[in-house]
Amino acid sequence: MRTSTNILVFAALLLSLASCKKVLEKRDLGSLQGDLVFSDSVLARTYVDYIYDQNLPSWGGNANLTDETFGESKYFEGTLTNRDVTDFGTALANNNNYAKIRTMNMFFDEIDKGTLTETWKNKLKGQVYFFRAYRYFELVKLYGGVPLVLTPQDAVGVEAKEAAYIPRNKTSETIAQIVKDLDMAIALLPGRWMDENNDWGRVTSGTAAAMKGRALQLWASPIFNPTGLTERWQAAYDAALQAKTILSENGYGLNTSFENMWFQEKGNPEAVFITGYNNSTADQARKNNGYDNATRPALYGTAGGSNQPTRELVDAFPMKDGKMVGSSTKYVYDPQLFYKNRDPRFDKTIGFNGATWPLNGIATNKVWTYYVGNKSEEAKPTSTGFYTRKAIDPAVAAGNVQYSGTDWMEIRYAEVLLNLAEAAAAINKPEEAYAELIAIRTRAGIEAGDDNMYGLQPNMTSEQLIQAILYERQIEFAFEGKRYWDLRRYKMFETLLNGKTRTGSVITFKPSADVPDAATFKAQRDGVIPLDKAYSENFTITSKILDTRYTVNWKPEYYFLPLPEQALINNPKLQQNNTWGGTFDPLL
């Protein structure tokens, strides 16, 4: 779905209405006219497209606040204040959370005034119910309970101002409203849109069910459920199973290719909730994703080099038999030959020195990141020694990388399976948890082994299974923005990262008997010298500290962010979180 052009059409149609003398005589064109907009299928659809445009998520996010990559942050420095947080919405703007929610509330207030058929209205309502739930979910996972505003508030006058002083709802009430909206979306939306030329990317009943599973998984996780209430995990399990059932019945499933699933758009069985992009160079309709150009090595794009993996992520990938580094007896790990015999997802996620990585249409292309002395082979060298390879389109032509149209999959079918596995493990259904893990590992290409366990330890306890699932998520969803939220959900920052620094690798050329100098190596590296020989005889690998200003110092109060200072000034009925000196308990 490409909303940019639709919104331009919407604006043009509104202007055409404004040009009509009778309309000018009888209508207040400063407000939404429901009987006009929702009596016209094009206008109504485009109003909903505007909601998509406001609310669809973008590529990845927060990787620098994990062990995936690095970057300075007040969160990791331990210096965050309530003046640094602005996500809540503290000013009059059409792009903050509550402005977006207002646009949706206006839709619900006006849609039944039009003459569209009930079928049309219900499909539109289903989409907006989904996005209102999604917007509240994005708030609750940061702050806990927030004010539930479900009707448009008046914007002018003293009384309107005082009426807008709404206290925070409990977190349980906010979650209940999210679930209620998603249940409405599930009931009203189709399982699949039949006209993929016009409707590819619209949310479905399966999308809503998957989001419900994600929301209830969060509510059941230790951050909100420190005592491990089983009924919450049961609700999360039921929602995840419902999502899998709806999606499977409508042709969704694991894409056969972990590597290429990003480049199949229409009909991609993996794509449950997506943000559509295009590769247009026309100014008005352009919606390019930016991720590809920013992430690939600078030599192959116009920007390049962002989202660089740490050595910690590189070492996290298991071996080909699914066993973790150091525990496999079949594939003994050699840190000098770190790339050998790894989980097939390693080569499809990590770009490393000497890797064959087709870019700009060159099938035999190799990427080199080594140093000769203190000088890198690259004009703009990677700081960690590695690149992110996931979702980088090898076929895009040189010079066109900035116009990449690769869609972002916010929810993949793989997440639905792992959400189900996690909830199943939590309510003591280990067979189901194992089944979903094995499905993911089978698609990845991990060896089954003599026991057909794909490297998984048999007879794991519930706690061990959950840890195995979180590990699988770390590998499967690397650089997809999931790791940060998993570390938050399980409150793992202090134990995993505090007091540590993230590291990279510096690979430096050294001469050997066969290759006496760097010039000889450069002439022979792409075809004459085997990669294993090069690493064994011509490279040294040294560790590089990436966090140079501080060791990680995540504080417990960061699991629930403070309401911004300006929000408390604007609305005196708001309570600050109790972890930031206030009285609001986000666990209730």
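Begin by selecting strand E9 together with strand E10 (residues 539–545), which pair in the antiparallel sense over seven bridges, pairing being assigned if DSSP finds at least two bridges between two strands. Helices (H or I, at least four residues) and strands (E, at least two) are DSSP runs, numbered from the N terminus. What you are viewing is a predicted model, in which local features need pLDDT of at least 70 and side-chain atom pairs count only at pLDDT 80 or more, while totals for chains, interfaces and linings use all residues. Residues are numbered from 1 along each chain as its sequence is written, and side-chain values use heavy atoms, with hydrogens and water left out.

Stay on E9 (residues 503–509) and color by burial: six of its seven residues are buried, where buried means under 20% relative accessible area, exposed over 50%, and partly exposed in between (1.4 Å probe, protein chains only). Within this pairing, select threonine 508, whose bridge partner in E10 is threonine 540.

Next, select helix H11 (residues 205–220), of which 16 of 16 residues are buried. Its end C-alpha atoms are 22 Å apart, which agrees with the 22 Å that 16 residues should span at 1.5 Å a residue, the expected span being 1.5 Å times one less than the number of residues. At the start of H11, show the side chain of threonine 204, one oxygen of which reaches to within 3.2 Å of the backbone nitrogen of glycine 206.

Then turn to two loop residues. Asparagine 307 lies between helix H13 (291–295) and helix H14 (311–316), and its phi is near 55°, a positive value in a residue other than glycine. Most residues other than glycine have a negative phi. Asparagine 307 counts as partly exposed, at 26% relative accessibility.

Asparagine 452 is found in the loop between helix H17 (430–444) and helix H18 (462–476); its phi is also near 55° and positive, and at 49% relative accessibility asparagine 452 counts as partly exposed.

Finally, zoom out to the whole protein, whose secondary structure comes to 23 helices and ten strands. The radius of gyration is 26 Å, close to the 25 Å that the globule rule gives for 588 residues, so the protein is as compact as a globular protein of that length; the radius is taken over C-alpha atoms, and the rule is 2.2 Å times the number of residues to the power 0.38. Of the 588 residues, 54% count as buried.

Conventions
Polar contact = N/O pair within 3.5 Å; in protein donor to acceptor, adjacent residues only side chain to side chain.
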